[in-house]
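Please keep the sequence and the three-dimensional view at hand while reading.

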Amino acid sequence: MNEWNRLVVKVGTSTVCHKNGAPNLYRLDLLCRTLSDIKNMGKEVVLVTSGAIGVGVNKLHLPERPKEISRRQATASIGQSELMRIYDRFLNDYGSIGGQILLTKDITENSIAKANVIATFNALLAMGAIPIVNENDSVATEEIVYGDNDTLSAVVASFTKADILILLTDIDGLYDKDPSCHPDATLIEMVTDISAVESLASGSHTNQGTGGMITKIHAAKIANAEGIDMIVASGKDPRILYDLLNGVPHGTMFQARR
């Protein structure tokens, strides 16, 4: 079994939501059950979640993501509230407590605010809670936004001094070419030199998500620079986390230099 005592797990919008934007309750239930069980093993877990705007669009019965900043922020506010309600209900079912942390770049790059955020993470983990992190899309503008939760999750992994960062997404990992266009694409299981694979990255293939392999490679750079390994794997079944804990490889491992 891998000796990971503190895990940061990030789930993308395509993992949290159905294609129509409605919350994927089956998958969210599995995720909360798995994270709660991992916590019961004596490990600490931080969850970085996307999906606020997607859930808000669905709840408001909008035909698409709003293009106006103010409407998009309002939609995120409504969606974040609903998303946390879902997490709270499922975590409570499995004996866990979630604590919401909403971040923007201006907070994480301010030395005093950063210290306060780190203290909050440490306090929540000491209390046995699962911090649930998202970008604060209801107030974020271009100047203070990360723009993708892959990057945010790497920052969170750094702040919490995590042992591992796991990105659960709609792809199985990094391939030697785009698998949506090339059926013969081969999964790359281990990356030790990120510069050698940057050219393989592509943007998001979903209507809901904001990331893609480009943002995941950027996240890997941040995590690896802090000595933290990062895994990109499929989020179709969150119970894949058990395999990863038990040393069964899935997806692509971006290994930090020791």
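The paragraphs below begin with the whole chain and then turn to individual residues.

The structure is a predicted model, in which local features need pLDDT of at least 70 and side-chain atom pairs count only at pLDDT 80 or more, while totals for chains, interfaces and linings use all residues. Residues are numbered from 1 along each chain as its sequence is written, and side-chain values use heavy atoms, with hydrogens and water left out.

The chain has nine helices and eight strands; here helices (H or I, at least four residues) and strands (E, at least two) are DSSP runs, numbered from the N terminus. The radius of gyration of the chain is 17 Å, close to the 18 Å that the globule rule gives for 258 residues, so the chain is as compact as a globular protein of that length. This radius is taken over C-alpha atoms, and the globule rule is 2.2 Å times the number of residues to the power 0.38. Along the principal axes, the C-alpha atoms fill a box of roughly 45 × 40 × 40 Å.

Of the 258 residues, 51% count as buried. Buried means under 20% relative accessible area, exposed means over 50%, and partly exposed lies in between (1.4 Å probe, protein chains only). The chain exposes about 12,000 Å², of which carbon and sulfur atoms supply 50%; accessible areas come from the Shrake-Rupley method with a 1.4 Å probe, and for residues only the protein chains shown count as cover. Contact means heavy atoms within 4.5 Å. Among contacts between residues at least 6 apart in sequence, 72% join residues at least 24 apart.

The chain carries 24 positive and 30 negative charges, and their mean positions are 3 Å apart. In this count Lys and Arg are positive and Asp and Glu negative, whereas His and the chain ends are not counted. The place of a charge is taken as NZ of Lys, CZ of Arg, CG of Asp or CD of Glu.

Two threonines come next. Thr252 is in strand 8 (residues 252-254) and is buried, with a relative accessible area of 0%. A polar atom of the Thr252 side chain lies 2.8 Å from the backbone nitrogen of Leu174, and a polar atom of that side chain lies 2.6 Å from the backbone oxygen of Ile188. Such a polar contact is a pair of N or O atoms within 3.5 Å; within protein, one must be able to donate a hydrogen and the other to accept it, and residues adjacent in sequence count only if both atoms are side-chain atoms. Leaving aside neighbours within four places in sequence, the residues in contact with Thr252 include Asp172, Gly173, Leu187, Val191 and Met230.

Thr34 belongs to helix 2 (residues 25-40) and is also buried, at a relative accessible area of 1%. The side chain of Thr34 reaches the backbone oxygen of Leu30 at 2.8 Å. Beyond residues up to four places away in sequence, Thr34 touches Pro238, Arg239, Leu241 and Tyr242.

Helix 2 also contains Leu28, which counts as buried at 2% relative accessibility. Another leucine, Leu125, is found in helix 6 (residues 111-126) and is buried, with a relative accessible area of 6%. With neighbours within four places set aside, Leu125 is in contact with Arg6, Glu44, Val45, Val46 and Pro131. The C-alpha atoms of Leu125 and Ala256 are separated by 25 Å, and these residues are 131 apart along the chain.

Gly42 lies in the loop between helix 2 and strand 2 (44-49) and counts as exposed at 60% relative accessibility.

Backbone angles draw attention to two further loop residues. Most residues other than glycine have a negative phi. His61, however, has a positive phi near 60°; His61 is found in the loop between helix 3 (52-59) and helix 4 (69-93) and counts as exposed at 71% relative accessibility. Lys161 has a positive phi of about 55° although it is not a glycine. Its place is the loop between helix 7 (149-160) and strand 5 (164-169), and Lys161 counts as exposed at 69% relative accessibility.
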